[in-house]
Amino acid sequence: MKKLLSLALCIILLAVSLSGCGRGGNDDVVVIRIGATPRPHAELLNLISPYLLEEGIRLEITEFTDFSAPNPALANGSLEANFFQHIPFLENYIAQSGNTLHVVGAIHIEPMGAYSVSLDHIDELHYGALVAIPDCAVNGPRALMLLETHNILTLNPDVGSRASIHDITDNPLNLQFIQIAAALLPRVMLDQEADLSIINTNHVLSGAPGIDPVEDSLIMETTDSPYANVLVVRPDDADNPAILALLRHLQSERVRDYILENYSGVVPVF
């Protein structure tokens, strides 16, 4: 009888042990909910997702087209990370919201360029031309600074990266400006609703098929632009091993090669 009881107990313990391993295996998979804009950010995350899964990390990628949404979602705990923005955009969000978020690392630059269907060269920009720029508090000034860099206008030196159209101190071509949601600028350019449209490279890639940012931009930011796109988390996840593994894969040769082969004008910064 004792032998039978011992055998039954061993069978029960073995069953419990096996079922525990099954649950433990699931528990060992770390999930990172990450928000990203579709191109190239979500595409890069999908590229590395299988390799992270081999390390026990599963990405749950939520795509956003509204740039105002990913930072609040990260701050309120709906996400563990986001990948869609450059540092000036993040700094503006922190200043406006009071929430603190942390940059883990930089991945790439999407230079801003000026595009036109009707003009072949920036020197053809005529008196009174209509120029479309992003209506964003960060990328709007960025567009104006691009024009200033090419001596098309002059901005009040005291405002720097906060410049608006009201800070233009010299406008020899009497350029007229319209401010449009950044994602709509490719359509404005293609429909010739403006003579010149200043657009982020990612929006050109997503919204203007057939337009090559390197070949077709009339002017473009240089590769030393301070607007590198970054991986962002809450401060308490800054040293999270899963987040650091995500950064390692985003800064891999695989990602570098993919960016250079697939996204004209986008520049890796690692």
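Which residues does Ile32 touch, not counting residues up to four places away in sequence? The legends below take up this question and others for a predicted model.

**View 1. Contacts of Ile32.** Not counting residues up to four places away in sequence, Ile32 touches Ile57, Arg58, Leu59, Glu60, Glu80, Ala81, Ala242, Ile243 and Leu246.

**View 2. The largest nonpolar core.** This core holds 27 residues, of which Ile32, Ile34, Leu45, Leu231 and Leu246 touch the most other members. At least two residues of the core are supplied by each of these elements: strands E1 (30-36), E2 (57-63), E3 (81-86), E4 (102-109) and E12 (228-233), together with helices H2, H9 (241-250) and H10. Helix H9 gives the largest share, 6 residues. There is also a second, separate core of 24 residues, and Ile152, Leu155, Ile168 and Leu196 are among its members. In soluble globular proteins, nonpolar side chains tend to be buried together.

**View 3. The packing of helices H2 and H10.** Helix H2 spans residues 38-53 and helix H10 spans residues 253-262; their axes lie 11 Å apart and form an angle of about 140°. Because of this angle, H2 is oblique to H10. The crossing of the two helices is right-handed. On the H2 side, the residues in contact are Arg39, Leu44, Leu47, Ile48 and Tyr51, and they meet Arg254, Val255, Tyr258, Ile259 and Asn262 of H10. Sorted by class, this contact has 7 nonpolar, 1 polar and 2 charged residues.

View 4. Ile219 belongs to strand E11, which covers residues 219-220. Is Ile219 buried or exposed? Its relative accessible area is 6%, and since a residue under 20% counts as buried, Ile219 is buried. Leaving out residues up to four places away in sequence, Ile219 touches Met112, Gly113, Ala114, Ile122, Leu146, Leu147, His150 and Ile152. Ile198 stands 21 residues from Ile219 in sequence, and the C-alpha atoms of Ile219 and Ile198 are 9.2 Å apart in space.

**View 5. The buried residues of helix H4.** Which residues of helix H4 (residues 87-97) are buried? They are Pro88, Phe89, Leu90 and Tyr93. These buried residues pack against helix H3 (70-75) and against strands E3, E4 and E12. An α-helix has 3.6 residues a turn, so residues three or four places apart point the same way. Just after H4 comes Gly98, which takes a positive phi of about 80°.

Terms used
Residues are numbered from 1 along each chain as its sequence is written. This is a predicted model: local features need pLDDT of at least 70, side-chain atom pairs count only at pLDDT 80 or more; totals for chains, interfaces and linings use all residues. Side-chain values use heavy atoms; hydrogens and water are left out. Axes are lines fitted to C-alpha atoms, for helices over the stretch in contact, and angles run from 0 to 180 degrees between N-to-C directions. Helices (H or I, at least four residues) and strands (E, at least two) are DSSP runs, numbered from the N terminus. Angles under 35 degrees count as roughly parallel, over 145 as roughly antiparallel, 65 to 115 as roughly perpendicular and the rest as oblique. A crossing is left-handed if the near helix is turned anticlockwise from the far one by less than a right angle, and right-handed if clockwise. Contact means heavy atoms within 4.5 Å. Ala, Val, Leu, Ile, Met, Phe, Trp, Tyr, Cys and Pro count as nonpolar, Asp, Glu, Lys and Arg as charged, and the others, Gly among them, as polar. A nonpolar core is a set of buried Ala, Val, Leu, Ile, Met, Phe, Trp, Tyr and Cys residues joined through side-chain atoms within 4.5 Å. Buried means under 20% relative accessible area, exposed over 50%, partly exposed in between (1.4 Å probe, protein chains only).
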